[in-house]
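Biologist: Can we go through the aromatic residues in this one? Keep it simple, please.

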Number of protein chains: 2
Amino acid sequence: MKLHTSRGAVSPARVQFFLAEKGIEIECAQVNLMKGEHKTPEYRAISPNGRSPALQLDDGRVICETSAICRYIEALQPEPPLCGTTPVERAHIEMCDRMMEFELMMPMAMTFRHTFPAMKALEDQVPEFGEKQRGVARKRAVRLDKQLVTQDYIAGSEFSIADITAWCSFRFFRVAGFEITDETPHLKAWFARIKARPAAAVAFS
Amino acid sequence: MKLHTSRGAVSPARVQFFLAEKGIEIECAQVNLMKGEHKTPEYRAISPNGRSPALQLDDGRVICETSAICRYIEALQPEPPLCGTTPVERAHIEMCDRMMEFELMMPMAMTFRHTFPAMKALEDQVPEFGEKQRGVARKRAVRLDKQLVTQDYIAGSEFSIADITAWCSFRFFRVAGFEITDETPHLKAWFARIKARPAAAVAFS
């Protein structure tokens, strides 16, 4: 297996974090997004939609999409479980992970893409939309802070893939103004708790 | 189990289609989105983020998020498989399904929410963004047409959850101008092929 990944970007970091939690080391090829390497014919021959990360299997098949890659890794190596073990646990964690993707990471990404000056070259920006999405993401962060009053992790009492998705989002999108402040103390404590995991240090390295 | 669903909306239709393919009948409660019933305190007590559909389990736990609901149903009743059976098949189908969600359904939904007059009451519209997303969705539909030259279904030779996601998107978002034309004949043939399945008739009924 070979992982086509991009050092420092949010979704590649989610996969790196996941792999590190599993204790798996894997051959990696770097795809430089700012240089547009994901749009070259060579890379599109591997990943037709030109996205990073992409997991290339030994038979040449390619799995794109962060959560499909992570769930595949979980199937190959179930321990430690990061996506739940029973059907209802799996469903609950998938729900939490998707909420972090759709309600938190996505509006943060939209803010970043549509308002961040360096993204102008890659994105057909609509700053008005980006600013509205900033409000959506901030509102969701406040809701998350309230959830974290009574639970240590996003999906409940156990660390899971949903923490990885949310943590990598906060870590990466602070460049777009999503720094966690003292106004959300439970979120701040959770961020520090996740940051203390050895695998978190691997995510963006 | 009880499904909180909204007749005629795109994600509830995906779950209805999935259940009908499995031959499962389930108790349903209707949540009227245009009347804002998903934002009431009563409904938020069931589904905290105020989204439909939501699957309420017999112990009171609730699973939100369409694909988490569908994968849970697949775990309870594996036949016929709609999400793959081996780890690599599951990963491939999850990838295809997510591509349909992120690259097709999402830009169609953004177009609908940000440009459709009736959505003004529910959405803080940015029409410029909506129109740009129209282009993104149309480009993806053309790419899908090319894929369907050599394969009958979105994930390859077998019908899967990815067809359900894409079909419900085309079916619903034609209200926002995404009617399939003769310019994409393979997509048109695929749409008719999916429409011919008895379960498709159940999706929006």
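Biologist: Is Phe17(B) buried or exposed?
Modeller: In this predicted model, Phe17(B) is buried, at a relative accessible area of 0%. Buried means under 20%, exposed over 50% and partly exposed in between, with a 1.4 Å probe and protein chains only.

Biologist: How many aromatic pairs are there over all chains?
Modeller: There are 24. Rings of Phe, Tyr and Trp (its six-membered ring) pair if their centres lie within 6.5 Å; planes under 30 degrees apart are stacked, over 60 edge-to-face and the rest tilted.

Biologist: Why do Phe17(B) and Trp167(B) count as edge-to-face?
Modeller: Their planes stand at 85°, so the pair is edge-to-face, and the ring centres are 5.8 Å apart.

Biologist: Where in chain B do the two sit?
Modeller: Phe17(B) is in helix α1 (residues 10-22) and Trp167(B) in helix α6 (residues 161-173), 150 residues apart. Helices are DSSP runs of H or I with at least four residues, numbered from the N terminus. Trp167(B) is buried, with a relative accessible area of 2%.

Biologist: Switching topic, what sits over the ring of Phe178(A)?
Modeller: The charged end of Arg134(A), 5.7 Å from the ring centre. For Arg, that requires CZ within 6 Å of the centre and within 35 degrees of the ring normal; for Lys, the atom is NZ.

Biologist: What does the model score?
Modeller: ipTM 0.96 and pTM 0.96.

Conventions
Residues are numbered from 1 along each chain as its sequence is written. Chains are lettered from A and ligands numbered from 1 in the order in which they are written. This is a predicted model: local features need pLDDT of at least 70, side-chain atom pairs count only at pLDDT 80 or more; totals for chains, interfaces and linings use all residues. Side-chain values use heavy atoms; hydrogens and water are left out.
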